[in-house]
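Dear colleague,

Please find below the structure that I am handing over to you, followed by an account of what was found in it.

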Amino acid sequence: MTAKANPDTTQPILAGGSAQSGTFATTEGTLYVSKPFRSKRSKKLRAIVTFEPRKSHFDTTNEQSGTNEFRGFFTLFWISLFLFTVQTYISSLEANGYALSFAFATMFSRDAVVLAISDAVLVLSTGLCVPFAKAISQGRLRYYWVGAALQHILQTFILAIAIVWTYHRQWPWVQSGFLTLHSFVMIMKMHSYISINGYFYSTLERSQAVYEELQRLTDEHVAGGWDGALREAESVRTKEAQEKETRGPNDGISSVDQEIGTPEAEVVIRSLTDLGTADALRRRLVAVSEEHRTDRSERETPVGADHDMNGAESTGFTPSYPATPAQATLDLSPAAFASILTHHPNPAIAGTAHAFIDLDSELVSGGPCKVRYPENLTTGNFVEYMLIPTLVYELEYPRTDRIRPLYVFEKTVGFMGSFALLYTVTESFIIPLTPTPEQSFFRSLLDLALPFMIAYLLLFYIIFECICNGFAELSRFADRQFYEDWWNSTSWDEFSRKWNKPVHTFLLRHVYASTLASYPSVSRTGAMVMTFLLSAAAHELVMVIVTHKIRLYLFLMQLIQIPLILISRAPAIKQNKLLGNVVFWLGLYAGFPLLCVAYVAY
């Protein structure tokens, strides 16, 4: 799907920059930029999240991290963990006669084949999204609100089946937690795919209605109808172009061009500078002008009628929109005609053309492939989306032009080594210190604080640096910012935004933004509270399945973050970033062992 860039025209840039051509030339290949459309007239829901070529902080190919003055501490961390692990193995070998007992491995490898089959069935069940989205695009199912209700029923059903199956198999906490978390990931992917395509279809319907309204306005307010409106708009556009040449290249940008500001309109306007297209358009306008002088009745056509230059019926038009006389002759899209009409002197016609351009631009990607809805509703596109490590669906993502085998090998080795360290910490320092009701509460917290923190850091590195980057490389996904510098957080809301970017972007678009869009009376604080409630409920559900207990400890701890976030926004606290970071780390250090003691011992 990725277009090849011309090496002679692609401009090399610094890391994190952008190019007008939409491509990035680097030593590792060409990165293609795909930016979602953002309307300048109204804040559309899809404008909340953007994707662009970025690298993760701990990626060895990240130029910015490679020049960081604290990069030596990263190396020190891994060397220290390696020495600590070797010392642990030697001590266990001297005391017990073996380096590791592998009791934990026996537990999490139990019923592995059934778990793998169950997970495969879960992944395959997401394929129901494609026929579901196609039914919406064909008008057989209205997304708002029947389709949305069926979508939530389907997602709830899949999650319920996974939970019931987990309880039926009586799996240990590792297997139960894995299948439950993966079920949440698949459901979030399904939700984004169906809801975004449902939104596309509603946008397509609105754009068709606006296009019909545009045709009606030209027939009512312009003597020559549609073709006459094109002639007048082209005359104004030509005059503006001449004035631009007179004033110079930097002074001639019209306010209309600045107001459009959409990827599709820019492509259309640039296409009109092509000599062949421009000449065909001018010849058509001349023909319309001659018809106007000879026989006015032949010019005026009913709204939505489809005629060629001689007034005969024509079938060569885009089925998504009502055909126009000029469209039957010129091979131009409705957006091309609308972009011309944005220059019309009639404010109603120009405004309606702008509205159509805004809506139509949402239906096409901003990347080099120009993927348009509903052409994206294919099995191949869905499989590609499922492989890309993101929970938010887009028509097109920024891509790299090749897969680097050595990079995949590096992440694979990193995964295996980090998992070995994680296993050692878990079996040697967490499981033996599992708290009991008879044990001192504070002693349990003290014993488990450091092992849990090391385990958390290793698990974070495995998921977001090794697994996500590995799948990103295999799918040629260029946006590798799966996390930000959460270790510098000074508040819990900053931590929640930075440590898990895929889930954060999903909640931002499909919970927070959807709440604000669906319920205008809800404030931003109210939307934030609702987002936290949903997130806390999902986390607590995982703990219920893993521990087979309903205690609500994690749920309450997450809700406590809400008043803490509001307090942290006070100017006196925001100015003292060092204190905020210390409080954050102390809370993180205490949180993990506190949850373990609460769920296991109480």
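This is a predicted model: local features need pLDDT of at least 70, side-chain atom pairs count only at pLDDT 80 or more; totals for chains, interfaces and linings use all residues.

Val383 is located in helix H15.

Val383 is one of the residues of a nonpolar patch on the surface, together with Leu387, Phe415, Met416, Phe419, Leu459, Ile463, Ile467 and Phe471. The accessible area of these residues together is about 750 Å². Three helices each supply at least two residues of the patch: H15 (379-387), H16 (405-430) and H17 (441-474). The largest share, four residues, is that of H17.

**The protein as a whole**

The secondary structure consists of 23 helices and two strands. Of the 602 residues in the protein, 47% are buried. The accessible surface amounts to about 30300 Å², and carbon and sulfur atoms account for 64% of this surface. When contacts between residues at least 6 apart in sequence are considered, 72% of them join residues at least 24 apart.

**The nonpolar cores**

The largest nonpolar core contains 61 residues, and Tyr193 and Leu588 are the ones with the most contacts inside it. Helix H7, which runs over residues 173-221, gives the most to this core, namely 11 residues.

Which residues does Leu588 touch, apart from its neighbours within four places in sequence? Leu588 is in contact with Met453, Tyr456, Trp486, Trp492 and Phe495.

**Helix H21**

Helix H21 comprises 16 residues (residues 553-568). At 1.5 Å a residue, this helix should span 22 Å, and the distance between its end C-alpha atoms is 23 Å, so the two values agree. The buried residues of H21 are Leu554, Phe555, Gln558, Gln561, Ile562, Ile565 and Ser568. These buried residues pack against four helices: H18 (492-498), H20 (524-547), H22 (571-574) and H23 (577-601).

With kind regards

Technical notes
Residues are numbered from 1 along each chain as its sequence is written. Side-chain values use heavy atoms; hydrogens and water are left out. Patches are made of residues with over 30% relative accessible area and no salt bridge: like charges are joined within 9 Å, nonpolar side chains (Val, Leu, Ile, Met, Phe, Trp, Tyr) within 5 Å. Accessible areas come from the Shrake-Rupley method with a 1.4 Å probe; for residues, only the protein chains shown count as cover. A salt bridge is a side-chain nitrogen of Lys or Arg within 4 Å of a carboxyl oxygen of Asp or Glu. The expected span of a helix is 1.5 Å times one less than its number of residues. Buried means under 20% relative accessible area, exposed over 50%, partly exposed in between (1.4 Å probe, protein chains only). Contact means heavy atoms within 4.5 Å. A nonpolar core is a set of buried Ala, Val, Leu, Ile, Met, Phe, Trp, Tyr and Cys residues joined through side-chain atoms within 4.5 Å.
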